[in-house]
Every structure is written in C-alpha cells, then in structure tokens.
Amino acid sequence: MIRTRVLLLCGGQSEEHEVSIASARSVLGAAGERFDITPLVVDRTGTLLDQANSLEALQAGGAGPHGASGGQLATLPSGFDVVFPLLHGPNGEDGSVQGLLQLAGLPHVGSGVLASAVGMDKIVMKQLFDGLGLPQVVFEGVTEHAWTTRPAQVMTRLDRLGYPVFVKPANLGSSVGISKAQDRDGLRSGLDLAFGHDRRAIVEQAASGARELEVAVLGNDAPEASPVGEITFASEFYDYDTKYQEGRADLHIPAPIPAAVADRCRTLAVAAFAAIDAAGLARVDFFYVPETDSVLVNEINTIPGFTRTSMYPKLWQAAGIDYPDLVDRLLTLALERSCRS
C-alpha cells in the first residue's frame, strides 16, 4: 500500500506554541496505516527545525531558539502529498502560511487564505457577520493611532457601548491581551494593554449572564455541525490561565441546554463557517443568555486546539467520530478540496 505523505507543521511564534506541540503529538500518535506523517516544528523565532530537532522539540513540549534547523518556513521541504498546519495565531492561522502552501501547490488541512485571515481578524470577522445578519454583541473597532491622537473622541464613541466591556487585540487568540473593563479607567487600561499586542483593538459589549457554548464544524462545501458543548469556569471570564491550566475549566458535552437552543447554535455554526468560506475544520463559539433566550455568535476559530482532550475532537467524539477517524477525515477533506481547486 502506498501511504500518503503528510507534513505536520506545528509550534510557531504565538503564545499557543505549546498547545500546537501537544496537538501535533496527539495527531502523530493517531496516524493510521494510510498516512506517513512527518512532524516539523517551527521554533519561537520562526525557524523551521530539521526532522531530528523537531522530534526532540515534540518530546520536550516546545522549541525555543535552536541551533540546528531546516531553514526558514518559506523553504518547506519537498516530497509531501498534503500538509496539516497546526500553527495558531499570527503567522500560522492568519492566512500567511496558507498562502505559502497555496503558492507551493501543497494541499493542506483547513481553510485557505481568505477564511484564515478573516477568522483571525476579530474586527473584520464581526463586520462580515454583522453584514449577514448573524446575531452578535455590539462592538467597536479602534486603531492605536486614533487612541493616541483623539482619545476623547474615542472614549465618547466607546461609552455608547455601556459597561462592562471586553477589550481585545484584533489579531490574537488564547485570550492574550484581553481585559474586562468596568468603567472608563478600566477601558483606558484595557486599550493600552491591547495595543501592546496589536495596532488595532476591538471593544465588545459584555453579554451579561451568558453561558459559553461551542460547536465544531467539519467538512468543505457541505459542512456538518457537532453536538453543542459548554465551558464552565469560576474566573470572571475565560482568560488565558483558565483555558490552559488544568482544572480551571470544565467541558460539558452535550451542553445542558434546551434542544431548540442547541439547534440554533448548530445552524449558526454552519452559517458562520460558510460566511468566511471556511474549509475542513473550525470551532464556532457562542454566548447563550438564558434570561433573554438569545444565542450570539462570539467568534470562529479556523485552527482550534487539537489535542485528544481539546473541545473540537471531544465534540466529534460525542458524535461517534473518534480521534484517529477525525484525523483521517480532515486529511481526506484536504485532498478532496485540492482536486477541485
């Protein structure tokens, strides 16, 4: 049997480097006989390690600046049939790597340049969803230039959202740089924090009393939605520590919500997936406000965490698709999509 040769790209320069490494270890351990998977790690400087050092980095749980390397990411090795990019955040999930793979003529798991870029940019994503009538919290985008040159005007505009609000960098994941502001002083501090990570920020009206729900989407032109999951936690919001420190959050699958609410979430998840022209996989996050029976789209994540205990594979496990089969499906979807492009 001729095995399909898979290049597994992982690591990267974002705050989610270790999560990417953990996801890659899970994928590598789930490879069936059909696929021959070679992991290559991008270290925190953006350098592509050679195969020996990549395996060492996988075992160590991450890679800092490294001596031996396989070159820059732009010089991908040849001889692979499909690429599985598990790079999160800027320079991994934002369309840059997807553009490189497209230029190289390499099929890859997941969305292309457009969907990756839109899904990464919270302002553009929400503007697109807004134009299509998908329900969301009220939001405003702010540039660092406007904040430093016209702070009074910016504050007047943002005051219309009311308090509390969430302040986020426009192009980061994992809740990095996010803060919750209860008043004007908190908003000023939140904007300063966000602009330490990005030149653009988004300010969102808080969804009071909301529960956090998530749906996994799988497919290309005819995507399917998983059962709905819920995340519960004791912290004030779902921040970085709550996401990645064991025991700080609990996953509930299926979410204990009315069937009609679950159906709305699943329908909206597929709509959000189609809106940005996503492919392969995505996780769509929601706010559910029981008091008003409102379901609001929070965001779409085109490369969600992919360890065996991450929400995305666990949602599909609840639907009867185990982890190895999910890896197989994603690689098959990537190859199918390349035949049609």
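Let's start with the aromatics: Phe84, Phe306, Tyr312 and Tyr323 come together as one aromatic cluster. Keep in mind that this is a predicted model. Across the structure there are three aromatic pairs. Take Phe306 and Tyr312: their ring centres are 6.0 Å apart and their planes meet at 35°, so this pair is tilted. Buried or exposed, then, for Phe306? Phe306 has 0% relative accessibility, so it counts as buried. Tyr312 is also at 0% relative accessibility and counts as buried.

Now, on to charges. How many salt bridges does a search of the whole structure find? There are 13 salt bridges, and I'd like to walk you through a few of them.

Here is one: Asp159 pairs with Arg184, with the closest N and O atoms 2.6 Å apart. Asp159 sits in helix 7 (residues 151-159) and Arg184 in helix 8 (residues 184-195), so the bridge ties together parts that are 25 residues apart in sequence. Both partners are partly exposed: Asp159 has 27% relative accessibility, and Arg184 has a relative accessible area of 33%.

Next, have a look at Lys168 and Glu204, which form a salt bridge with their closest N and O atoms 3.0 Å apart. Lys168 belongs to strand 5 (residues 165-169) and Glu204 to strand 7 (residues 200-205), so to speak a link between distant parts of the chain, 36 residues apart. Lys168 and Glu204 are both buried. Lys126 joins in here too: Lys126, Lys168 and Glu204 are linked in a network of salt bridges.

One more bridge for you: the side chains of Glu214 and Arg283 meet at 3.3 Å, N to O. Glu214 is in strand 8 (residues 211-219) and Arg283 in strand 11 (residues 280-289), so this pair ties together parts that are 69 residues apart in sequence. Glu214 is buried, with a relative accessible area of 4%, and Arg283, at 12% relative accessibility, counts as buried as well.

Finally, let's turn to helix 2. Which residues of helix 2 (residues 51-60) are buried? They are Asn53, Ser54, Ala57 and Leu58. Looking down the axis of helix 2, these buried residues fall within an arc of 145°, so they line one face of the helix. And what do they pack against? The buried residues of helix 2 pack against strand 1 (4-11), helix 1 (17-29) and strand 2 (35-42). On the face turned away from that buried side, helix 2 carries the exposed residues Ala52, Gln59 and Ala60. After helix 2 comes Gly61, with a positive phi near 90°.

Methods: Residues are numbered from 1 along each chain as its sequence is written. This is a predicted model: local features need pLDDT of at least 70, side-chain atom pairs count only at pLDDT 80 or more; totals for chains, interfaces and linings use all residues. Side-chain values use heavy atoms; hydrogens and water are left out. Buried means under 20% relative accessible area, exposed over 50%, partly exposed in between (1.4 Å probe, protein chains only). Helices (H or I, at least four residues) and strands (E, at least two) are DSSP runs, numbered from the N terminus. The arc is that of the directions from the helix axis to the C-beta atoms. Contact means heavy atoms within 4.5 Å. Rings of Phe, Tyr and Trp (its six-membered ring) pair if their centres lie within 6.5 Å; planes under 30 degrees apart count as stacked, over 60 as edge-to-face and the rest as tilted. A salt bridge is a side-chain nitrogen of Lys or Arg within 4 Å of a carboxyl oxygen of Asp or Glu.
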